[in-house]
Every structure is written in C-alpha cells, then in structure tokens.
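Here is a short tour of a pocket and the fold around it. Have the viewer open and follow along.

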Amino acid sequence: MTNRQTARISSRKQPQQARSTDLVAAILQAAIQVLTEHGATRFTTARVAEKAGVSIGSLYQYFPNKAAILFRLQSDEWLQTTQMLQRILQNLEAPPLERLRTLVQAFIRSECDEAQMRGALNDAAPLYRDAPEAHEVRAAGRQIFAGFMLELLPEVGESIREAACDLILTTLSSVGKDFSGSPHSEMEIAVCADGLADMFSAYAVALNQRQVF
C-alpha cells in the first residue's frame, strides 16, 4: 500500500537539462493557473498540458497524474515556508521573542498574499496528505520550530515545551487559514499579526516565569 501511494505522487523523473527544466517550470506554472482558475475539483492533467502548450505525453514524462502535480505544488509551498522558518528563527542576532514576532508577521502576510492558491491546494490535500513524502516535508518545518522553542523556553520542561510548540503552530496555522479566507487591508493584516504575536509572547513569558516542568 505504501509503495503504491508513494508512486502515485512521486515525479517520474527529475529534469537534467535546461530544456527539461524549462518544460517542468512551464507545466508547474500552468498548473498554478489551472488550479486558481478552476479549483481542485476541475483540475486535470489535460487542462494543465493545454495551458502549458505541451503534449499530454510530455507532461506524463515528469508527472504520472494530477496528484503528483498537486503534491509538487504543495511541496514547493512547504519548502518556501520552511526556508522562511530557517531565515527568521535561526537569525541569532535577534532575541527569541523578536524572532517569534517577525515570524508571525511574515506568516500571516504570506497566508493573505497566497490565499487563493493555498485554498485550492487545501481542497486537493486528500489526494496526497497522508503520503510518506507529505509527512516528511511537514516534519522538517516542525523540527526547525521545535529547535527554536529551546531558545524561547529555556527554563521550561520538555513535555510542556513540546505542548507549547504544538499549540503555537496549530494556532498560527488555524488563524492564518481563517483570517486569509477574506480580503484585508494592510492595517488589518498588521493588527492581526501583532495581536497574535502579543499573545504568543505573553504565553512564552508566562511559561518561563513559572518554569513549568
């Protein structure tokens, strides 16, 4: 079962030459357009191939089906989020609470900027969310945040720190998804991000003061 599931969302091959790389880039760009225009329910490889101006055979050289394309789009989005986590949370020149605030602000803004795309990918998630590759990519981002939590909550016991990590990540994801579901002004985005950052900061300070184990 696992092997069949892995095969369904894995790319057939990786592009080795510039021409192949350009072809894959064109397919992925077309996939984004089809997904945002038609949504997950009407997303098909035929529509992607037509939008990209390539034959369906050329598309299948790299992506065996629509689930593989959608997973690649989601993986790219997860990778961008992971890189954002690394860039902000591993900036040791800034104190932990400042890094946490910067991350919240960047995440909420990112959710709003890419709300349509993220919503469509969320609708398509049942096609790939339980695959091993999906778990691996998500785990990488959580590991980065868990490492940061050691700096944020140095006086707190491991079990409480892990619970705090889950709570912050779950809340951040839920608020970002809900808030970005409708358009907002720059001021509204800033107010939401700052308010959420204030909540997390107060929570972290309280845990450190109590030194909960």
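The largest pocket of this predicted model is lined by 27 residues, and Glu 77, Trp 78, Phe 107, Glu 111 and Ser 173 lie nearest its centre. Here a pocket is an open set of points on a 1 Å grid where a 1.4 Å probe fits, with protein on both sides within 12 Å along at least five of seven lines, and lining residues have an atom within 4 Å of a point. Its volume is about 920 Å³, the space filled by probe spheres set on the points. H5 gives the most to this lining, with six residues.

The table sorts the lining by class, with Gly counted as polar.

| Class | Lining residues of the largest pocket |
|---|---|
| nonpolar | eleven residues |
| polar | nine residues |

Among the buried residues of H8 are Phe 145, Phe 148 and Met 149, where buried means under 20% relative accessible area with a 1.4 Å probe, protein chains only.

Overall, the protein has ten helices and zero strands, taken as DSSP runs (H or I, at least four residues; E, at least two). Of its 213 residues, 38% count as buried.

Residues are numbered from 1 along each chain as its sequence is written. As the model is predicted, local features need pLDDT of at least 70 and side-chain atom pairs 80 or more, while totals for chains, interfaces and linings use all residues, and side-chain values use heavy atoms, without hydrogens and water.

Definitions and conventions
Buried < 20%, exposed > 50% of the residue type's maximum accessible area, 1.4 Å probe, protein only.
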